Amino acid sequence: MFEHLKGRVPKYIDEDKMRQSAVMIALIKKDGVYHVLFEVRASHLKHQPGEICLPGGIREPGETAMENAVRETTEELLISPSQIEVIAQLDTLINVANIKLDVFLCELHDYGMTYSKEEVEEIFTVPLNFFLYTKPEVYQNEVKTIPPDDFPFDRIPGGKNYPWRSAHRDIYFYYYKDKVIWGMTAYILQHSASLFLDSSTKKE
């Protein structure tokens, strides 16, 4: 009865209902020093115009997470897949909007700072060391469960007085020159920086 479960690779519960997406922490070398590439989303976009983000976007049917990240990066930066050296897949973020965000690290080669004006207002870079050794500001958002008016309160203990738990989500802010990097982008950078530091520590 349970033979088909042996060797099964676990998934997130309700993963099929999540919006699948991927981003790329894209590194370029300037004078032998790694910099992280950021985009400012075009002002005419429907979602998050003017926001600072990493290259990436929503997955298309049949794509793997890596294919998703590479495709979005090529489209937004007007480069070919051969210019992207994928180094590793990093940790996955699931946010409160039920978006599953796969994160990849890569190095860009022979990149001429091009970008698609249909999606991107501008690009800029920040030295990787800034994220390794700068602590972001952190604020806590409270996330609450708010049942709809037609929720069957009569079927649960306590009814409308049921003690729903709330959660707290850290919101990070980095300030680099005139740029404010915050939200999911800052969340990913602060976590990934800890992975880079752990790696360098182990090599010592």
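The questions and answers below cover salt bridges, aromatic pairs and a surface patch in this predicted model.

Student: How many salt bridges are there in the whole structure?
Tutor: The model is predicted, and the search covers the whole structure. A salt bridge needs a Lys or Arg side-chain nitrogen within 4 Å of a carboxyl oxygen of Asp or Glu. The count is 11.

Student: Lys17 and Asp14 form a salt bridge; how far apart are the closest N and O atoms?
Tutor: Lys17 counts as exposed, because its relative accessibility is 65%. Asp14 is partly exposed at 44%. The closest N and O atoms of the two are 3.8 Å apart.

Student: Is Arg71 buried or exposed?
Tutor: Arg71 meets Glu60 in a salt bridge, at 3.6 Å from N to O. Arg71 lies in helix 1 and Glu60 in the loop between strand 4 and helix 1, so the pair ties together parts 11 residues apart in sequence. Glu60 has a relative accessible area of 40%, which makes it partly exposed. Arg71 has 13%, and under 20% means buried, so the answer is buried.

Student: Which residues are linked with Arg71 in a network of salt bridges?
Tutor: Glu60 is a salt-bridge partner of Arg71. It also belongs to the network. The residues linked with Arg71 there are Glu60, Glu63, Glu72 and Glu75.

Student: Lys179 and Glu122 are how many residues apart?
Tutor: Their side chains meet in a salt bridge, 3.2 Å from N to O. Lys179 is in strand 11 (residues 179-182) and Glu122 is in strand 8 (residues 120-127). The pair links distant parts of the chain, and the separation is 57 residues.

Student: Is Lys179 buried or exposed?
Tutor: For Lys179 the value is 14%. The cut-off for buried is under 20%. Lys179 is therefore buried.

Student: Over which ring does the charged end of Lys179 sit?
Tutor: Lys179 also forms the salt bridge with Glu122. Its charged end is 5.1 Å from the centre of a ring. That ring belongs to Phe124.

Student: Which aromatic cluster includes Phe124?
Tutor: Phe124 is the residue whose ring lies under the charged end of Lys179. Its cluster holds Phe and Tyr residues. The members are Phe38, Phe124, Phe130, Phe131, Tyr174 and Tyr176.

Student: How many aromatic pairs are there?
Tutor: Rings pair if their centres lie within 6.5 Å. By this rule, the count is 13.

Student: What is the geometry of the Tyr162 and Trp164 pair?
Tutor: The centres are 4.9 Å apart. The planes stand at 65°, and over 60 degrees counts as edge-to-face. Tyr162 is partly exposed at 34%, and Trp164 is partly exposed at 35%. The pair is edge-to-face.

Student: And what about Phe173 and Tyr175?
Tutor: Their centres lie 6.2 Å apart. The angle between the planes is 20°, and under 30 degrees counts as stacked. This pair is stacked.

Student: Which residues form the nonpolar patch on the surface with Tyr175?
Tutor: Tyr175 is partly exposed, with 41% relative accessibility. Tyr139 sits in strand 9 (residues 137-143) and is partly exposed at 45%. The patch has about 390 Å² of accessible area together.

Methods. Residues are numbered from 1 along each chain as its sequence is written. This is a predicted model: local features need pLDDT of at least 70, side-chain atom pairs count only at pLDDT 80 or more; totals for chains, interfaces and linings use all residues. Side-chain values use heavy atoms; hydrogens and water are left out. Patches are made of residues with over 30% relative accessible area and no salt bridge: like charges are joined within 9 Å, nonpolar side chains (Val, Leu, Ile, Met, Phe, Trp, Tyr) within 5 Å. Accessible areas come from the Shrake-Rupley method with a 1.4 Å probe; for residues, only the protein chains shown count as cover. Helices (H or I, at least four residues) and strands (E, at least two) are DSSP runs, numbered from the N terminus. Buried means under 20% relative accessible area, exposed over 50%, partly exposed in between (1.4 Å probe, protein chains only). Rings of Phe, Tyr and Trp (its six-membered ring) pair if their centres lie within 6.5 Å; planes under 30 degrees apart count as stacked, over 60 as edge-to-face and the rest as tilted. A charge sits over a ring if NZ of Lys or CZ of Arg is within 6 Å of the ring centre and within 35 degrees of the ring normal.
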